[in-house]
Amino acid sequence: MKHFIDINHYDRSTLSSLFTLTDTLRDMKPKKRMKQLRHKTIMQLFFENSTRTRVSFELAARRLGAHLVNIDIARSSTQKGESLRDTLETLAAMGCDAFVIRHANNGTAELARKWLGNKVSIINAGDGNHQHPTQALLDLYTIHLHKGGWKNLKIGIFGDIKHSRVAASLIDGLRIMGCHDINLYGPRHLMPESTPALMVNSFANAARDADVLVMLRIQKERMADTEIPNPEQYLEYYGLTPERLKLAKPDAIVMHPGPINREVEIASEVADGPQSVILEQVTNGVLTRQAILHHLLA
Ligand code: NCD
């Protein structure tokens, strides 16, 4: 039984083979592709809001011919006081091959794996500010398509890094691929306590000659009111404007996991500009999730 819980459980060659599998499934004739996960059942449990990740998994599962069930958490028995463990055990008893789980608490996907033993494959769709490994895979795949190699890349990651599971798993994933020039910049109080990446003291230091710029949303849902930056001033000090983009290499790509807050962490002109790959990330999300589901269940 395989799981996809933490990007750190994967090595470089396995991640590379997932890129190849992504390409293979993308190019497969629909008739053949639709047979890949026939008779497999995947259940999605999202205890936090999601558009991209949930729909992306749904499309990936359906495009491989799997059955997909979205559990409506707001109307489920967890609202009647049932524990998460009992909910999962109950759903597993109905016959299910994989759970896709998003939860506000760090470590929930790993807990589910421990509870269910090896009955069901667990896929982590985001746990607190800890990991979002499928986002890391789609981000890595997008960088791989645009940049080819990893060794001499300079990456800048900007904004609310402290609360971002996207940043945490991407930093780990980049290091696994052999990319170590990772520079972080954002409001001081939104920087992590510890990180294997480099925390720099100006936007310019992280952006100058960068190959990839990753912008992040201010994750208010994980902050006390006093921690929330003023959105009007944010763009001026920490956001990606057309002028700041000029610091990066001319062929630099601009990434964002979404949802974006226009004119806060990113100017619309940049988000919609020629260097932005934000919507490509969304497309690649469906493709890489097909590869993950295939890798775990086929
Ligand atoms: C991210 C998440 O949920 O961690 N979104 C996503 O999955 N694309 C980032 C965010 O919510 O800001």
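Student: Which residue does Glu-48 form a salt bridge with, and how far apart are the closest N and O atoms?
Tutor: Glu-48 pairs with Arg-165, and the closest N and O atoms are 3.2 Å apart. Keep in mind that this is a predicted model.

Student: Where do Glu-48 and Arg-165 sit in the chain?
Tutor: Glu-48 is in the loop between β1 (41-46) and α3 (52-63). Arg-165 belongs to helix α7 (residues 165-177).

Student: What about Glu-48 and Arg-222, what do their side chains do?
Tutor: They meet in a salt bridge, 3.4 Å from N to O. Arg-222 lies in the loop between β8 (212-215) and α9 (231-238), while Glu-48 is in the β1 to α3 loop, so the pair ties together parts that are 174 residues apart in sequence.

Student: And is Arg-222 buried or exposed?
Tutor: Arg-222 is buried, as is Glu-48.

Student: OK, new pair. Which residue does Lys-119 form a salt bridge with?
Tutor: That would be Glu-89, with 3.2 Å between the closest N and O atoms. Lys-119 is in the loop between α5 (108-116) and β4 (121-127), and Glu-89 is in helix α4 (residues 84-93). They are 30 residues apart, and the pair links distant parts of the chain.

Student: How accessible are Lys-119 and Glu-89?
Tutor: Lys-119 counts as exposed at 51% relative accessibility. Glu-89 is partly exposed, with a relative accessible area of 24%.

Student: How many salt bridges does the count come to?
Tutor: The count comes to 15 salt bridges. There is also a network of salt bridges linking Asp-23, Arg-26 and Asp-27.

Student: Switching topic: where is His-3 found?
Tutor: His-3 is in the segment before α1 (12-27). It is buried, with a relative accessible area of 16%.

Student: Which side chain does the side chain of His-3 make a polar contact with?
Tutor: The one of Asn-118, at 3.3 Å. Leaving aside neighbours within four places in sequence, the contacts of His-3 include Tyr-10, Arg-113, Val-120 and Leu-296.

Student: Now the sheet. What order do the four strands have?
Tutor: The order is β2-β1-β3-β4, in an open sheet with parallel pairing. The edge strands are β2 (67-71) and β4, each pairing on one side only. On average, neighbouring strands are turned by 15° against each other, direction ignored.

Student: How many bridges do β1 and β2 pair over?
Tutor: They pair over five bridges, in the parallel sense. Leu-45 stands opposite Ile-71 in β2.

Student: Which helix packs on the sheet?
Tutor: Helix α12 (residues 278-297) does, touching β1, β3 (98-103) and β4. The direction of α12 makes about 150° with that of β4.

Student: Last one: which strand is Thr-41 in, and is Thr-41 buried or exposed?
Tutor: Thr-41 lies in strand β1. Thr-41 is buried, with a relative accessible area of 17%. Beyond its neighbours within four places in sequence, Thr-41 is in contact with His-67, Val-69, Gly-95, Cys-96, Asp-97 and Ala-98.

Methods. Residues numbered from 1 in each chain as written. Predicted model: local features only at pLDDT ≥ 70, side-chain atom pairs only at ≥ 80, totals over all residues. Heavy atoms only, no water. Salt bridge = Lys/Arg side-chain N within 4 Å of Asp/Glu carboxyl O. Helix = DSSP H or I, 4+ residues; strand = E, 2+ residues; numbered from the N terminus. Buried < 20%, exposed > 50% of the residue type's maximum accessible area, 1.4 Å probe, protein only. Polar contact = N/O pair within 3.5 Å; in protein donor to acceptor, adjacent residues only side chain to side chain. Contact = heavy atoms within 4.5 Å. Pairing = 2+ DSSP bridges. Axes fitted to C-alpha atoms, helices over the stretch in contact; angles between N-to-C directions.
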